[in-house]
Structure formats: C-alpha cells, structure tokens
Amino acid sequence: MDVEIGPLDLSAHVDEALAVQAVAFGLSADEVAVRRQIVQRHMNHPGARAFGATTADGRLVGFVYGMPNDRAHWWSTVVEPYLRARGLDHWLDDAFVITELHVHPDHQNRGIGRTLITTITDTATEPRSILSAIDTESPARALYRSLGYEDLARHVLFPSAPRPYAVMGAPLPLRRAPGPS
Ligand SMILES: CC(C)(COP(=O)(O)OP(=O)(O)OC[C@H]1O[C@@H](n2cnc3c(N)ncnc32)[C@H](O)[C@@H]1OP(=O)(O)O)[C@@H](O)C(=O)NCCC(=O)NCCS
C-alpha cells in the first residue's frame with residue numbers, strides 16, 4: 001500500500017475529506033456544505049474519531065470516522081424502529097458506529113478501505129459495530145460482509161435520502177480473512 005494510515009484530525013481536514021467523499025460517493029456542492037456542518041457536529045460527540053489514508057506527498061485519499069452509538073443521536077433514532085421490528089435493537093447498545101468510509105476512486109481496490117475500517121474498529125472497546133450502507137450490491141456491501149457485518153434491516157429510509165439503506169452489524173474485532181460473501 002503506497003499510503004500511510006493513521007489518526008486524522010477530521011475537524012481540521014474536513015474539506016479534504018469531503019472532497020474525497022464527493023468524488024467517491026457523489027456529493028453536490030450543496031451536499032458538501034451540509035455535510036461540513038454535520039461532520040463538525042459529529043466530531044464533538046464523545047468518543048468520535050477518524051483515521052485517514054495519506055500519500056507520501058501529503059494528499060488525503062481515504063478516511064473513516066465513527067463514534068460509540070448513542071440512542072439519542074439522529075441516525076440511531078431513524079434506524080431504531082426498523083431494528084426493533086425484528087427484535088434486534090439491542091445492537092444499538094454498546095456499539096461502535098461507522099459513520100463514513102470513503103476512498104478516492106484512483107486509490108480503490110488496494111486494501112485501503114479494509115485497513116481503515118479494521119484500524120478504527122480495533123480502537124473500539126465496544127463488542128460490536130453497526131453502520132448503514134445504500135441497500136444495493138456495492139463494493140462497500142461486499143467489503144462489510146467480508147468483515148463479518150450482516151444485515152440487521154433492509155429498505156431503511158432516512159428523511160431526505162432518495163435511496164433506501166441497509167443497516168449492518170458485526171461483532172468486534174472484525175473478521176480478518178475475507179469470508180464468503
Ligand atoms: C467501499 C470503499 C470504501 C472500499 O474501499 P477500497 O479501498 O476500494 O476497498 P479495499 O481495496 O480495501 O477492498 C476491500 C473489499 O471491498 C470489496 N470490493 C472492493 N472493490 C470492489 C468492487 N469493485 N466490486 C466488488 N467488491 C469490491 C471486496 O470485498 C474487497 O475485498 P477483496 O479485496 O478481498 O476482494 C470504496 O469502494 C468507496 O469509497 N466506495 C464509494 C463510497 C462508498 O460507497 N462508501 C461507503 C459508504 S457506506
């Protein structure tokens with residue numbers, strides 16, 4: 001891997017991170033402006049932390065951030081009824097949430113995403129991790145499954161998001177060897 005993975009001061013590097021997310025995930029300028037506020041708010045939550053992937057010449061090409069789940073957080077309140085309907089809402093307790101994971105397309109498929117998510121979850125003291133991903137067969141969903149994440153709910157609708165999401169959960173530490181997907 002030609003990049004270095006390490007702790008990232010996301011508040012200080014939010015514009016670089018959102019530039020990566022904009023090209024990896026597809027964000028308009030308006031969406032970037034909204035995300036900038038959300039990221040700065042998230043970084044004030046207890047236990048919120050980020051890791052970045054940086055090239056030798058100092059360019060951020062990937063990042064992950066997350067935090068211990070709090071049932072009062074907006075994300076948790078949206079997914080809770082979907083999990084509760086399946087008797088799975090205990091996943092919201094003692095869980096580390098992966099909020100964002102993005103790798104610049106020029107640097108994808110080299111193990112950076114896998115290293116970012118295993119690195120951040122290795123710092124978690126919680127016994128499990130949860131996240132949401134667009135509910136389609138994507139590289140992200142394949143990566144999460146290979147790490148042990150399983151579907152907890154499908155077709156989850158977030159206000160203002162046009163596409164449904166899947167909520168996934170995995171025991172920590174994440175599985176290392178890629179498993180069946
Ligand atoms: C998801 C993402 C972060 C993965 O980052 P990455 O650095 O390319 O991932 P890695 O190189 O570590 O690949 C790990 C696994 O991802 C999966 N994967 C990666 N590219 C894939 C592709 N084109 N098709 C299917 N699976 C793929 C595989 O399971 C792969 O494991 P393997 O190498 O053992 O086969 C990256 O594709 C990305 O930024 N996508 C766009 C943004 C996004 O969807 N973010 C997640 C939001 S929930």
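**A first look at the ligand shell and the fold**

1. Helix H5 is the largest contributor to the shell around the ligand, with five residues. Helices here are DSSP runs of H or I with at least four residues, strands are runs of E with at least two, and both are numbered from the N terminus. At least two shell residues each come from helix H1 (14-26), strand E4 (95-103), helix H4 (112-122) and helix H5 (139-146).

2. Before going on, please keep in mind that this is a predicted model, in which local features need pLDDT of at least 70 and side-chain atom pairs count only at pLDDT 80 or more, while totals for chains, interfaces and linings use all residues. Residue numbers start from 1 along each chain as its sequence is written.

3. Which residues come nearest to the ligand? Among the 20 around it, they are Gln-108, Gly-113, Arg-114, Pro-139 and Leu-143. Being near means that the C-beta atom, placed from the backbone, lies within 6 Å of the molecule. By type, the shell has eleven nonpolar, seven polar and two charged residues. Nonpolar covers Ala, Val, Leu, Ile, Met, Phe, Trp, Tyr, Cys and Pro; charged covers Asp, Glu, Lys and Arg; the others, Gly among them, are polar.

4. Now for the overall fold. The protein has five helices and seven strands, and their order along the sequence is β-α-α-β-β-α-β-α-β-α-β-β. The C-alpha trace spans about 50 × 40 × 30 Å along its principal axes. A compact globule of 181 residues would have a radius of gyration near 16 Å, and the 15 Å of this protein agrees with that. That radius is taken over C-alpha atoms, and the globule rule is 2.2 Å times the number of residues to the power 0.38.

5. The largest nonpolar core holds 47 residues, of which Phe-63, Val-64, Leu-116, Val-167 and Met-168 touch the most other members. Strand E4 gives the most to this core, with six residues. Such a core is a set of buried Ala, Val, Leu, Ile, Met, Phe, Trp, Tyr and Cys residues joined through C-beta atoms within 7 Å.

6. Is Ala-19 buried or partly exposed? Ala-19 counts as partly exposed because it has 16 C-beta neighbours inside 10 Å. On this scale, 20 or more other C-beta atoms within 10 Å make a residue buried, 12 or fewer make it exposed, and partly exposed lies in between, with C-beta atoms placed from the backbone. Ala-19 is 42 residues from Val-61 in sequence, with 9.2 Å between their C-alpha atoms.
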